[in-house]
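Here's a walk through a few spots worth a look.

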Amino acid sequence: MSSSQLFSGDSWAARFRALPKAELHVHLEGTMEPATVVALAKNQGETLDESTVATRYATRDFNAFLEAYKWVTSYLRAPADYVLVARRMSEQMLAQNVVYAEVTLSAGVMLLRKQDVEANFCAIREAVAPYESRGLHLQWIFDAVRQFGAAAAREVARCAVKLRDAGVVAFGMGGDELARPASEFRKVYDYAAANGLRRLVHAGEIGGPDSVRHAVEILRAERIGHGIAAAADPNLMALLAERFIGLEICPTSNLRTGALAQHLGRANASLSDHPLPRFFHAGIPLSVSTDDPAMFGTSLASEFDLLEQMGLGKQQIMSIAEGAFHGAFLPASEQSAFFEAFRAKAEALSLL
Ligand code: HPA
Ligand code: ZN
């Protein structure tokens, strides 16, 4: 339903879905629906069916997830492949009223596969331009893969700096958080920041509170990808709140990678175990994100639907949606424009 057809008598959830949203933690490579993977495989001369992709995606632990991620990214071989995926991602975003997204690209994986990062990125930028003129504002994060080490991360940072004026806003790091310590990457982050890039780190997803602390204190992360391990350390929670360091929370991802269960020391976890409400009440800036929506069978709209099940009230959910714009790596004037648009729409939909 288009938002212009909505009235104040419509359900709260329907009106909430019509609000402009920001998505701060999504990997382009994780947005490939099974049908897209099948299409890419076909172009590459391989017969694959959607159920095989779905089975590959149905992971329950972190290593299986990383394997599935490695597998699916192997179908991204040429700029044209990235073009297809970027178009479909943009369509999905606009369909959910996402107006702003910081999208992560696994530049570390591109380099490992000896791809031309600049050629891929330029093709992606061209592919998304028509969607940007329809109201989707995108910025890009180049992610290194932690287990590939500091030299490979430095190459990613170098590419990110080179493409800074073409829309790369941050340097980040994902992959296996337990593989290498933050200290190895300090110089790479300092180089990226000295050249105008913002600092992001996946931390406290499967690693413990120290991993988050090191991301903050050694790598000077400005936002943390996941950070759920902070729930075990009240001092760390206080530090995040005090320094206004946001956590990009991806609830379904944390269930599907087994990250939450691992922190609880159990075989399984459920939504009611998630620390998001505790983070919220501790005053830590939060955003809700999808991480790898196609792989986890989710969407930004579905992640927001989960917040009520987690016990948050409607105004609290509104403040999380609005807060994502606050955490965005945007100049203050652009941030204010998004806030104003959010507020105006919320008012028009009687959501305030
Ligand atoms: N964590 C680590 N590596 C990743 C992730 C993640 O959430 N998503 C894609 N690569
Ligand atoms: Zn991620």
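## Helices H2 and H5

Helix H2 (residues 34-43) and helix H5 (residues 79-95) have axes that come within 11 Å and cross at roughly 160 degrees. Helices here (H or I, at least four residues) and strands (E, at least two) are DSSP runs, numbered from the N terminus. The axes are lines fitted to C-alpha atoms, for helices over the stretch in contact, with angles running from 0 to 180 degrees between N-to-C directions. H2 and H5 are therefore roughly antiparallel to each other; angles over 145 degrees get that label, while under 35 is roughly parallel, 65 to 115 roughly perpendicular and the rest oblique.

Who does the touching? On the H2 side the contact is made by Ala 35, Thr 36, Ala 39 and Leu 40, and on the H5 side by Asp 81, Leu 84, Val 85 and Arg 88. Contact means heavy atoms within 4.5 Å. Sorted by class, the H2 with H5 contact has five nonpolar, one polar and two charged residues. For that sorting, Ala, Val, Leu, Ile, Met, Phe, Trp, Tyr, Cys and Pro count as nonpolar, Asp, Glu, Lys and Arg as charged, and the others, Gly among them, as polar.

## A word on the model

This is a predicted model, in which local features need pLDDT of at least 70 and side-chain atom pairs count only at pLDDT 80 or more, while totals for chains, interfaces and linings use all residues. Residues are numbered from 1 along each chain as its sequence is written, chains are lettered from A and ligands numbered from 1 in the order in which they are written, and side-chain values use heavy atoms, with hydrogens and water left out.

## Helices H17 and H18

The axes of helix H17 (residues 314-327) and helix H18 (residues 332-348) come within 9 Å, and they cross at roughly 160 degrees. That makes H17 roughly antiparallel to H18. The crossing of this pair is right-handed.

From H17, the contact takes in Met 318, Ala 321, Glu 322, Phe 325, His 326 and Gly 327; from H18, it takes in Gln 335, Phe 338, Phe 339, Phe 342, Arg 343 and Ala 346. By class, the contact of H17 with H18 comes out at seven nonpolar, three polar and two charged residues.

## The zinc site

Which residues hold the zinc ion (ligand 2) as protein donors? They're His 25 (NE2), His 27 (NE2), His 202 (NE2) and Asp 291 (OD), lying 2.1 to 2.2 Å from the ion. Donors are N, O and S atoms within 2.8 Å of the metal (3.2 Å for Na, K and Ca), and water is not among the atoms, so sites may look incomplete. Along the chain, the donors follow the spacing H-x1-H-x174-H-x88-D. His 25 in strand S1 (residues 21-27) and Asp 291, in the loop between strand S8 (286-288) and helix H15 (293-296), are 266 residues apart, so this pair links distant parts of the chain.

His 25 and Asp 291 are both buried, which means under 20% relative accessible area, with exposed being over 50% and partly exposed in between (1.4 Å probe, protein chains only). Asp 291 sits at 1% relative accessibility. His 27, in strand S1, is buried too, with a relative accessible area of 6%. Leaving aside neighbours within four places in sequence, His 27 is in contact with Tyr 69, Thr 104, Asp 143, His 202, Asp 291 and Asp 292.

Most residues other than glycine have a negative phi. Asp 291 has a positive phi of about 70 degrees, although it is not a glycine. Arg 220 also has a positive phi, near 50 degrees, and is found in the loop between helix H10 (209-217) and strand S6 (223-226).

Ala 22 is in strand S1 and counts as buried at 3% relative accessibility. Not counting residues up to four places away in sequence, Ala 22 touches Tyr 100, Leu 300, Ala 324 and Phe 325.

Gly 227 lies in the loop between S6 and helix H11 (234-242) and counts as buried, at 0% relative accessibility. His 214, in helix H10, is partly exposed, with a relative accessible area of 35%. His 214 touches Ala 182 and Leu 219, again not counting residues up to four places away in sequence.

How values were computed: A crossing is left-handed if the near helix is turned anticlockwise from the far one by less than a right angle, and right-handed if clockwise.
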